[in-house]
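User: I'm new to this one and would like a close look at a single part: the place where the two chains meet. Could you walk me through it?

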Amino acid sequence: MTATVLHRPGLARIRTARAPLYRICLGFVLLVVLLALLAPWLAPYDPNTVDLGNALAGPSGEHLLGVDASGRDTLSRLMTGARTSLLGPLGVVAFSTLAGVAVGVLAAWRGGWLDSVLSRSTELIFAFPGMLLAILIVAVYGEGLLAPVIALAVAYLPYVSRLTRSLVLAERERPYVEAYQVQGHSGLQICLRHVVPSIAPVILAQSTINFGYALLDLAGLAFLGLGVPALTPDWGRMVFDGQSAIQQGYPLSAVVPCAAIVLTVVAFNVVGERWADQVSRRDR
Amino acid sequence: MTTPSKTAPKTAPKTLDIQAFRLHLPGAVRPVLTGVDLFVDAGETVALVGESGSGKSLTSRSVLGLLPPGAGTEGTVRVNGEDVLTMTPEQLRGLRTGTASMIFQDPRAAINPLRRIGDFLTESLRLNTRTDRAAATARATEMLDAVGLTAKVLRQYPGQLSGGMLQRVMIAAALMGDPALILADEPTTALDVTTQAEVVALLADLRERFGTGLLFVTHDLGLAAAISDRVYVMYAGRIAETGPAEALFGRPLHPYTAALLDSTPRLDAPQGRLAAIEGRPPSLRDEVPGCPFAARCPLATFLCSQQAPALLPVVGEPTRRTACHHSDQLREMSTDATHA
């Protein structure tokens, strides 16, 4: 089975049997998710409590990662920010996967003019930068997580639909599909009950990789001041808030969320690549 | 062996009745199937033999309405009196769920490897006839028992079964809807010889027990002779010859059947090279005005290359029909051989 996303050079370390890198990354992903879920109980301070007298203080016993220019505890903001920073990409991935699979299956199964229409129109989205689309939609609909999530979901849809289409085209040629047809199953039943489940692992691996990229894009939008409302803690927003402090010689409040973003994206990508790799090596 | 006309009332429609069926594919100069006439009576086993590409699989698929994309058809294909070619998709699904079912060549490929056998067997009943799970499972157990497998198989995955067992599962699946007709598309080709014999015996046994009509598609003449009541020999999309298995193989009245029999390896035959039929079947890109076998036929004359012979009843043998201008010569030759 071939799928372009699955084969990239330089993955030896992820591919080895014990794959320490993969395990570390999986652990990190789980840790971030856990922190995000439990943030309200784990965060040492209210992420929005302003303490201007203590502004830009360095790490100490009270504030493990220091405070930002408004005197807000960086660790608390980081933990609470993980919620929006992960929820956004989750929405993007959920929507783009569901819609992408639907479009891809429909295009491959029906074929003909419908395939042409769907494939060409999703390719049209390829030609349009996702970030630009998101900025456009946010500009029209204003602040809030929903607008950029929908925009990015549309931008990520072609990746999923294209992959799905190619997988379904290969899958529908397998004799068991015809055997089900002969048993009187309708095309929809065969698709939903047999074809989609058998291609699901590949799609999920691709979606995990997409999650990392979506996180990066959403953080970029937040950094530009688009998307999340000003007071909501968000990693991209924290980088934006911290940039003036860098000029004053206090980089910590911007560097910490940056590191969180980079590490999380890398971790998601490594995990996704590993899953994709396992699926592609599975004996089919 | 009882003649089917005695078991079924004369007025009842034939289980399968194909009349003057033509199938044309886009890009082919001549029809892939031309004037195919074929019937299967209730409870009868009919073999359809021919070499690869002769159109035998295409014929059996057409019975279930599984036509290649862009195919154009003429004639009628009736299952229990209803024309498959004019059915709506809904009617076709009904036909496939109940009246007719198919056994595929390679069970390993035709059964979804990710699902348990139980799922595979019961799914069609549960989804398409609103049978509840318990009833469907009971039916599946019964059918597995009929093909000689235990209910334990229900919980197993296809990968855990041998090829022979899987083909039995396939047969059980074909029987699930209590069909009037089973189409077996080379059901033993992917199996080894001993398993083949088991599966063939099983099919014959089930045919007696459930009274299903069986259209057995194969390229194995020995198998066809062993299992079937009647045989159709197909060549280049036409029926070359048909008749009761014994008579047809004992005394072929079409040069193609005769050549096929001659090229069958025999253990008791004198040593020497295997006889092969010279040349190859006509390509779909070539127009064939006359008999498609003319180019390879030892009896061919000018007439053969000009005019395609019709499938006509053999004089004195009403159950046999052959499509050859020179079947008389063949008959004389075989009579001479018997006398000599």
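Analyst: Let's start with a term. A polar contact here is a pair of N or O atoms within 3.5 Å; within protein, one of the two has to be able to donate a hydrogen and the other to accept it, and residues adjacent in sequence count only if both atoms are side-chain atoms. Keep in mind that this is a predicted model. By that rule, 8 residue pairs, both partners at pLDDT 80 or more, are in polar contact across the interface of chain B and chain A.

So which parts of chain B do the touching? Five elements each supply at least two residues to the side facing chain A: α3 (89–99), β6 (100–103), α4 (107–110), α5 (117–128) and α7 (163–175) of chain B. The top contributor is α5(B), with 6 residues. Sorted by class, that side of chain B has 13 nonpolar, 5 polar and 6 charged residues.

Now for the overall tally. On chain B, 24 residues are in contact with 16 residues of chain A. Together the two chains bury about 1,800 Å² between them, and carbon and sulfur atoms give 53% of that.

Side chains of opposite charge can pair when their charged atoms come close. Between chain B and chain A the count is 2 salt bridges. In one salt bridge, the side chain of E123(B) meets that of R193(A), at 2.4 Å from N to O.

For context, step back from the interface for a moment. Over all chains, the structure holds 19 salt bridges. Another example sits within chain A, where D241(A) and R72(A) pair at 3.5 Å, N to O. D241(A) is in helix α9 (residues 235–247) and R72(A) is in the loop between α2 (20–42) and α3 (74–110) of chain A, so this pair ties together parts 169 residues apart in sequence.

Chain B also has an open, antiparallel sheet of 4 strands, in the order β2-β1-β4-β5. Its edge strands are β2 (33–40) and β5 (82–83), each pairing on one side only. Helix α2 (residues 56–63) of chain B packs on this sheet, touching β1 (16–24), β2 and β4.

Notes
Residues are numbered from 1 along each chain as its sequence is written. Chains are lettered from A and ligands numbered from 1 in the order in which they are written. This is a predicted model: local features need pLDDT of at least 70, side-chain atom pairs count only at pLDDT 80 or more; totals for chains, interfaces and linings use all residues. Side-chain values use heavy atoms; hydrogens and water are left out. Contact means heavy atoms within 4.5 Å. Buried area is the accessible area (1.4 Å probe) that two parts lose on being put together, summed over both. A salt bridge is a side-chain nitrogen of Lys or Arg within 4 Å of a carboxyl oxygen of Asp or Glu. Ala, Val, Leu, Ile, Met, Phe, Trp, Tyr, Cys and Pro count as nonpolar, Asp, Glu, Lys and Arg as charged, and the others, Gly among them, as polar. Two strands pair if DSSP finds at least two bridges between them. Axes are lines fitted to C-alpha atoms, for helices over the stretch in contact, and angles run from 0 to 180 degrees between N-to-C directions.
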